[in-house]
Every structure is written in structure tokens, then in C-alpha cells.
Amino acid sequence: YKKNGINITGAWNITKGDKRVKVGVLDTGIANHKMLESNLGQGWDFINNNAFTTDDNNGHGTHVAGIIGMVPLTDMDISGVCPNVQLIPLQVADDNGEINLIHVVGALNWAIANDVDILNYSAAGYTYYEPYKLAINNYKGLFICAASNEANDNDVTKVYPSDYSYGQDFSSRVISVGAIREDGKIARNSNYGAKSVSIFAPGEMIESTYPTNLASSGYQFLGGTSMAAPFVTGTAALMFSLYVDANSTGEYGMSHADIAAEIKELIIKSATYESNLDGKCVANGRLNAYNAVRLAASFDTTILSDYTLRIN
């Protein structure tokens, strides 16, 4: 994605993250991997109800985690979007990638109890489940989800939790992500929606970490909105690192929910406009990590002197 990428190198000149920022990965677990181990925190397996979360026999969660926060070990290695972060595996999907929403509700409640700042949920479904909606509402961090891969208009066909990114009291803290190809056009199967999809990010032929028992190299190329969402999550983690002192001390009048909403607003406002994405998402464009982090950095300096100031 040299031409239509997320402009990450500029963002890294501002920050590469902060390990105090906790990013929960609601997925199939996160396997032991040399490029993830330094960022891996303790999570929970909600399927087997234990703390053993490295048994990712599907690969999806490990791949998503790598996009967010894999750590390059040499100058030749690829990097995650936020290489300095705490990745929290929240195992809600089985080896086949199947998800029981009761487990997702459990993971959301765990995230609330353990002060997880951002959640990445690279999954979607067409089933409405009230406890699931209530749990997302109760979570005060930033919830980032995939728009799903049926080439549907999510404004017309309700997909959850993508549909919660607008029209709800808690929508200011929910981001739904669609996928683009390397040429900047919408990926063939990606869903879209002028109201219900927040932004687009790369989601075709994405290389990331993978369990070595499934790929001997430890890497794999995958695609879909599942891969697009963690690009936004990694960017949000970079941004959150600029607010972490204000949040941990409770100073400047900013709650967790305030910071989450601010980050969503800045991510959308800073998107790179693309004519082919106009009317297909709220941002009318694709993720621009440098612009988003730059705006967050300028906002961070303003809260030190006047916490009531907002970027408009």
C-alpha cells in the first residue's frame, strides 16, 4: 500500500505508542510469537474459562494482533501500526472462528473491570442480541469493529456491531471499518455504509504474524475488513498514548469516554478524501494515521493549558 496506505511513518515521528495503553483483541487468541511477545499482556479465554490464551489454532487473532502491535526485531522486519502497546488477548472465537455472543459480553465486562482502553473486534453478524448491545454501551473505551465482507450496504442490511457506530448514545465510541484494495478502491467483498461504516483502511493481501504451527514462517497474508479494523485500532493506540497521562491521573477533566470519543472524531476528520469512498462511509475516505496522530498531538498540548478546548 505504497500509494494508498495510512501514512504511518509520519505518525511514528510523533509517537510509537506507550505500553500503558491496553488494547483488547476479541478474537481466537494470540499465539506465542517472537514479534508479539514483548507486547503481550494477560487476558482471558472465555470459551474455556481460563487464562490460557496462546492456543490460537485458527490464526485470525494472531494476525489481527500483529497488525496492531507487532515489534520489528531488525530493520528489515515489518512493524505493527503501534509497536509499543499492551496487547490483551480476549479469546471469544473457537478454532473454527465461531463466536457465541455470550462470550463477547463476558469479554466486554472483563475489559470494563480491567481498564482496557481500546477493543478490536474483527467480527460481525446479523443477529441482534440485547445484552451484547448493553455491554458495548457500558464499555467506556473505544470499540473498533469490522464492517463485514458481504459487499452489502450496512445502512440497509443491519450488521452488528457495525450498526452501533451511529444512532446510539454510545456511538461516539464505536468505529466501524471497511476495507480498501491497494489501488484505493473498495475491496470486492467489503461492506460499506454512508452512516454505519465510519472509515476505510487497507484490507487486501495484508502480511502479519501467524501461529508457527499453522505457517512455519510465522507470517501469512490475509484480507478482509477483519484486517482493516486493526489498522484503525493501532492508530487509535498511538493517539491514546498521547492522552495516557491525562487519563491515568484523572486531570484535565477528561474521562475515558471523553478520550475515546475525541479519538474517533479526530480519526474521521483526518481521513484522506477519496472520491470512490464518498458516500460509502462517514469519513468519505481512508485512514490517515499521520494526520490523526498529529491532530491528537496538537490537542494534547492544549489540554495542558485548557482542558475545555476542542479541535473543531
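**Close-up 1. The E265–K269 salt bridge of this predicted model.** E265 pairs with K269 in a salt bridge, and their closest N and O atoms lie 3.0 Å apart. Why do E265 and K269 sit about one helical turn apart? Because they are four residues apart in helix α7 (residues 256-269). Residues three or four places apart in an α-helix point the same way, because such a helix has 3.6 residues a turn. E265 is partly exposed, at 33% relative accessible area, and K269 is partly exposed too, at 43%.

**Close-up 2. The salt bridge between D18 and R20.** A search of the whole structure turns up five salt bridges, and here the side chains of D18 and R20 meet in one, 2.9 Å from N to O. D18 is buried, with a relative accessible area of 18%, whereas R20 is partly exposed at 43%.

**Close-up 3. The salt bridge between D183 and R181.** These two side chains meet with an N to O distance of 2.5 Å. D183 is partly exposed, with 43% relative accessible area, and R181 is also partly exposed, with 26%.

**Close-up 4. Helix α3 and its surroundings.** At its start, a side-chain oxygen of N100 comes to within 2.9 Å of the backbone nitrogen of I102. Among the buried residues of α3 are L101, V104, L108 and W110. The buried residues of α3 pack against several elements, including β1 (17-27), β3 (84-91) and α4 (130-138). Just after α3, look for D115, with a positive phi of about 55 degrees.

Conventions: Residues are numbered from 1 along each chain as its sequence is written. This is a predicted model: local features need pLDDT of at least 70, side-chain atom pairs count only at pLDDT 80 or more; totals for chains, interfaces and linings use all residues. Side-chain values use heavy atoms; hydrogens and water are left out. Buried means under 20% relative accessible area, exposed over 50%, partly exposed in between (1.4 Å probe, protein chains only). Helices (H or I, at least four residues) and strands (E, at least two) are DSSP runs, numbered from the N terminus. Contact means heavy atoms within 4.5 Å. A polar contact is a pair of N or O atoms within 3.5 Å; within protein, one must be able to donate a hydrogen and the other to accept it, and residues adjacent in sequence count only if both atoms are side-chain atoms. A salt bridge is a side-chain nitrogen of Lys or Arg within 4 Å of a carboxyl oxygen of Asp or Glu.
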